[in-house]
Amino acid sequence: MPKITFEDRAVAFIDVLGFKSVVENATGTNLNFLEELVATLEAAVPGLDGTVSSTVPKELIPKHISISDSIILSAPLASSKMSSYCGLSILIMRAIQLTHIFLAKGYLIRGGISIGQVWHTDSNIVGPAYQDAYLLETKTGSPRIELSEKAKEYWLQRNDGSNSMCLNYRERFMVNGLHDYYIQDGTHGVAEKAFKGYKNTIEQKIASEVVDSVQYKWWWFGEFLNSEIERNQFIVHT
């Protein structure tokens, strides 16, 4: 019988949209799409973990579980070993990185991030903070990663308005999944190139999608992309 020990952690529940239809169409050659998506789900977080400096204590690297189309992450909220450490910031960074990874492959993600008591092992996670993050994901209809009220307050207490990793967009406080600093490409003009590719993907998805609810999600994200292009004053040629 495992001994459950709760601790204060930041928790993210992230869902890959469109997974259901990929599974339903996974026959014949369409199986390749499912295999590619599952491979991305399984490799995304470990790949990001591999870029973490060896000076960071292992227990501060977010734990993760990947189940079907969902990724669950948690990290200690604070650390006595590193005074500057903020587990919420780490999860927000991860959420931004995952947004770029999946969008580059033609998928949107949606989720919730909360803070509070949780018990997280290599195979299970239990606690009110996890439940809050899960409920946030199920209740938000658009492809965004929202912060709970507690997480929002915690973030705003530690960051001024110049930190655009989180922002208010259409009356929701959410992760800025399009933050250009976390695009995994070091070449010149990376943001403009990435955003151009995202615009093309979104336009293709809107034009080819026959399900209204799915088409709306891509339209919504296209509007968010345009707002980020304008806010950053990027020049994106189509």
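This is a predicted model: local features need pLDDT of at least 70, side-chain atom pairs count only at pLDDT 80 or more; totals for chains, interfaces and linings use all residues.

Residues are numbered from 1 along each chain as its sequence is written, and side-chain values use heavy atoms, with hydrogens and water left out.

**Strands and hairpins**

- Helices (H or I, at least four residues) and strands (E, at least two) are DSSP runs numbered from the N terminus, and two strands pair if DSSP finds at least two bridges between them.
- Strand 3 (residues 70–76) runs antiparallel to strand 1 (residues 7–16), to which it is joined by seven bridges, and within this pairing proline 76 of strand 3 is the bridge partner of arginine 9.
- Strand 3 is also antiparallel to strand 2 (residues 63–67), with five bridges joining the two, and here isoleucine 71 of strand 3 stands opposite serine 66.
- Strands 2 and 3 form a hairpin that leaves two residues between them, and serine 68 in that turn has a positive phi of about 50°.
- Strand 7 (residues 166–169) and strand 8 (residues 172–175) pair in the antiparallel sense over four bridges, with valine 175 in strand 8 standing opposite cysteine 166.
- Strands 7 and 8 likewise form a hairpin with two residues between them, where arginine 170 in the turn has a positive phi of about 50°.

**Burial of strand 3**

- Burial is read from relative accessible area (buried under 20%, exposed over 50%, partly exposed in between, with a 1.4 Å probe and protein chains only).
- Strand 3 is largely enclosed by the rest of the structure, because seven of its seven residues are buried.

**Salt bridges**

- Side chains of opposite charge can pair when their charged atoms come close.
- A search of the whole structure finds seven salt bridges, each defined as a side-chain nitrogen of Lys or Arg within 4 Å of a carboxyl oxygen of Asp or Glu.
- One of them is formed by the side chains of glutamate 59 and lysine 81 (2.5 Å, N to O). This pair links distant parts of the chain, 22 residues apart, with glutamate 59 in the loop between helix 2 (31–49) and strand 2 and lysine 81 in the loop between strand 3 and helix 3 (87–104).
- Glutamate 59 is partly exposed at a relative accessible area of 40%, whereas lysine 81 is exposed at 58%.
- The side chains of arginine 110 and glutamate 137 meet in another salt bridge (2.9 Å, N to O).
- Arginine 110 counts as buried at 14% relative accessibility, and glutamate 137 is buried with a relative accessible area of 5%.
- Arginine 172 and glutamate 146 also meet through their side chains in a salt bridge (2.6 Å, N to O). The partners lie 26 residues apart, arginine 172 in strand 8 and glutamate 146 in strand 6 (residues 145–147).
- Arginine 172 is partly exposed, with a relative accessible area of 32%, while glutamate 146 counts as buried at 8% relative accessibility. Salt bridges that share partners join Arg144, Glu146 and Arg172 into one network.
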